[in-house]
Amino acid sequence: MTVPLISLSVPVYGTESALPVLLDSILAQSFSTGSVGREDAFSHKEDTVHSLRSLRFPPIEILIVNDGSPCGDALPKILKPYKKKFKTLGVPLILLEHRKNMGLFEARRTGAMAASGEWVCCIDSDDTLPPDALLNFYEGLLASGNGTLANAADIIHGKMDLTVRDTDKIDAEDRKRFAQKAEIVKSVFNGSLSGNEILDNFLIKKEHNGFLCAKLFRTRILRSVYEKLPHTYCINAEDLLLYFFILLEKPSYYGIDKTVYNYSQDSGITSTNQITNLERWEKVCSTSSVFTLIFSYLDEHPFPEDSAPALIKELRAICNTYLASNINQLKRLVSPSLQAEAYAMLCDYWGEDYVKQIEKANANTCTSGAL
């Protein structure tokens, strides 16, 4: 069996029914030999030559991580026919399981630690890959390494397409929010970045987004980051947490002007669905742990003096935005009967003084806008 070059890491929690659509999109990947001279470029191990002409399918493995999903018992049956299909293509389809729900950040950790590929691609189980996604990633790896994988970048970043299901059920405010997000997910810096300039390009210049999906990450860098970070329950803003610490490793980055990911916006934790229990609301509040980890780290490992003020200012602005979003979700989505308890929980996670500070700032903004 071919040694995988890319590990596709797919956490699952309550999205079992969507998994076949994703797996079908992986089976549908095109892998044309295309350009002349690329056939020997995929030699990434001394004893393994990935020749595009000889491969029937991209050299990948698929890691499904059951994060203690309530319907996780259905996964073996769902995966069984796909295991056979992928086996004929020389692609391992592996099921990893958490006994209890540990959150998306930890599910991604499990995938990274189990990966055999040199790069990891994070995929949400209710999204899909366009037919040429893996080919575009390969082309990006080669372009970043001047034709060889030996010199390829640590991060390959492509564009996402965002689609919103059941658009007739969302209001004008949500339509505007989704339209803005559709532009953000396409934000890619085309070309090479390295060292500190990646963090600057992401946080200050905002020339590329920090979503984990639509990127390849070198596996050893992902593992290095996870080895430094404590186990954390987090399902929202985990992209920011992991990407921030990845960039502190000063990797190399290469952006491509190709779409490699189809993002489906529907019933995620930040969606428009009503929140009718405190367990789900607590998952929203867990966003605060992201900023606790980031700012605690920076207290002990401050940015260089020349860049610190701008970077800290931007991180605090992002933190304020996430808390403001939580406050807005509380007002719009949490059932009236749970409002008091949910507000108390929000204050427990973020700090009562900080919550009141952002509430006041939002009220002043609304007042100013009305004048």
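The model is predicted: local features need pLDDT of at least 70, side-chain atom pairs count only at pLDDT 80 or more, and totals for chains, interfaces and linings use all residues. Side-chain values use heavy atoms, without hydrogens or water, and residues are numbered from 1 along each chain as its sequence is written. Helices are DSSP runs (H or I, at least four residues), numbered from the N terminus.

**Second largest pocket**

- The second largest pocket has a volume of about 320 Å³. A pocket is an open set of points on a 1 Å grid over the protein atoms alone, where a 1.4 Å probe fits, with protein on both sides within 12 Å along at least five of seven lines. Points are joined across faces, edges and corners, and the volume is the space filled by probe spheres set on them.
- The lining has 16 residues, each with an atom within 4 Å of a point. Asn196, Leu199, Phe303, Pro304 and Leu311 lie nearest the centre.
- Helices H6 (196-203), H8 (238-248), H10 (288-300) and H11 (308-333) each supply at least two lining residues. H6 gives the largest share, three residues.
- By class, 11 lining residues are nonpolar, three polar and two charged. Ala, Val, Leu, Ile, Met, Phe, Trp, Tyr, Cys and Pro count as nonpolar, Asp, Glu, Lys and Arg as charged, and the others, Gly among them, as polar.

**Aromatic contacts**

- The structure holds nine aromatic pairs. Rings of Phe, Tyr and Trp (its six-membered ring) pair if their centres lie within 6.5 Å; planes under 30 degrees apart are stacked, over 60 edge-to-face, and the rest tilted.
- Phenylalanine 291 and tyrosine 322 have ring centres 5.5 Å apart and planes at 55°, so the pair is tilted. The pair links distant parts of the chain, H10 to H11, 31 residues apart.
- Phenylalanine 291 is buried at 3% relative accessible area; tyrosine 322, at 26%, is partly exposed. Buried means under 20%, exposed over 50%, partly exposed in between (1.4 Å probe, protein chains only).
- Phe244, Phe245, Tyr297 and Phe303 form one aromatic cluster.

**Charges over rings**

- Lysine 215 lies over the face of tyrosine 243, 4.8 Å from the ring centre. The criterion is NZ of Lys or CZ of Arg within 6 Å of the ring centre and within 35 degrees of the ring normal.
- The charged end of arginine 316 sits over the ring of phenylalanine 295, 4.8 Å from its centre.

**Helix H12**

- H12 (residues 339-350) has 12 residues. Its C-alpha span, first to last, is 16 Å, close to the 16 Å expected (1.5 Å times one less than the number of residues).
- Ala342, Met345, Leu346, Cys347 and Trp350 of H12 are buried.
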